[in-house]
Amino acid sequence: MKKLNAYNSAIAELEALQKRIESLEKDEGLKKELEFKKKLEDLMAKYDVNLDDVLKMYGKEKTSPKQDKRRGSRPLKVYKNPKTGEVVETRGGNHKLLNEWKQKFGKEKVESWLVA
């Protein structure tokens with residue numbers, strides 16, 4: 001009975017997917033997108049050009065998901081303690097010595113020690 005239930009479930013899923021495909025095929029927006037894709041592929045084949053070449057022509061390149069370029073690197077901040085002469089270089093606010101200074105002298109005072 002388990003196999004029969006699995007079979008019936010698969011048939012029902014298949015029918016639902018077929019109905020979904022039929023409704024998508026009637027969509028005018030999809031028809032236009034498919035037509036554009038076909039024409040673009042034909043044009044690239046005619047001139048022996050691939051998608052990477054097209055993107056390079058316009059200064060764009062595919063980026064892998066690991067290369068998230070929305071956020072650049074943080075600027076380097078240099079703090080110099082005027083009392084001890086110690087220097088802290090950091091790109092973030094989670095530096096051990098910098099946090100100690102902020103607790104001891106106060107955040108506003110330490111921020112005034114910002115050199116660059």
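This is a predicted model: local features need pLDDT of at least 70, side-chain atom pairs count only at pLDDT 80 or more; totals for chains, interfaces and linings use all residues.
Local features need pLDDT of at least 70 and side-chain atom pairs count only at pLDDT 80 or more, whereas totals for chains, interfaces and linings use all residues. Residues are numbered from 1 along each chain as its sequence is written, and side-chain values use heavy atoms, with hydrogens and water left out.

View 1. Strands are DSSP runs of E with at least two residues, helices runs of H or I with at least four, both numbered from the N terminus. Val88 has a relative accessible area of 2% and is therefore buried (under 20%; exposed is over 50%, partly exposed in between; 1.4 Å probe, protein chains only). Beyond its neighbours within four places in sequence, Val88 is in contact with Lys77, Val78, Tyr79, His95, Leu97, Leu98 and Trp101, contact meaning heavy atoms within 4.5 Å.

**View 2. The aromatic cluster of Trp101, Phe105 and Trp113.** Rings of Phe, Tyr and Trp (its six-membered ring) pair if their centres lie within 6.5 Å, with planes under 30 degrees apart counted as stacked, over 60 as edge-to-face and the rest as tilted; by this rule there are two aromatic pairs. The ring centres of Trp101 and Trp113 are 5.6 Å apart and their planes stand at 75°, so this pair is edge-to-face. The pair links distant parts of the chain, with Trp101 in helix H4 and Trp113, twelve residues away, in the segment after helix H5 (107-111). Trp101 is buried at 4% relative accessibility, and Trp113 is buried at 7%.

**View 3. Lys102 in helix H4 (residues 96-105).** Leaving aside neighbours within four places in sequence, Lys102 is in contact with Lys107, Val110 and Glu111.
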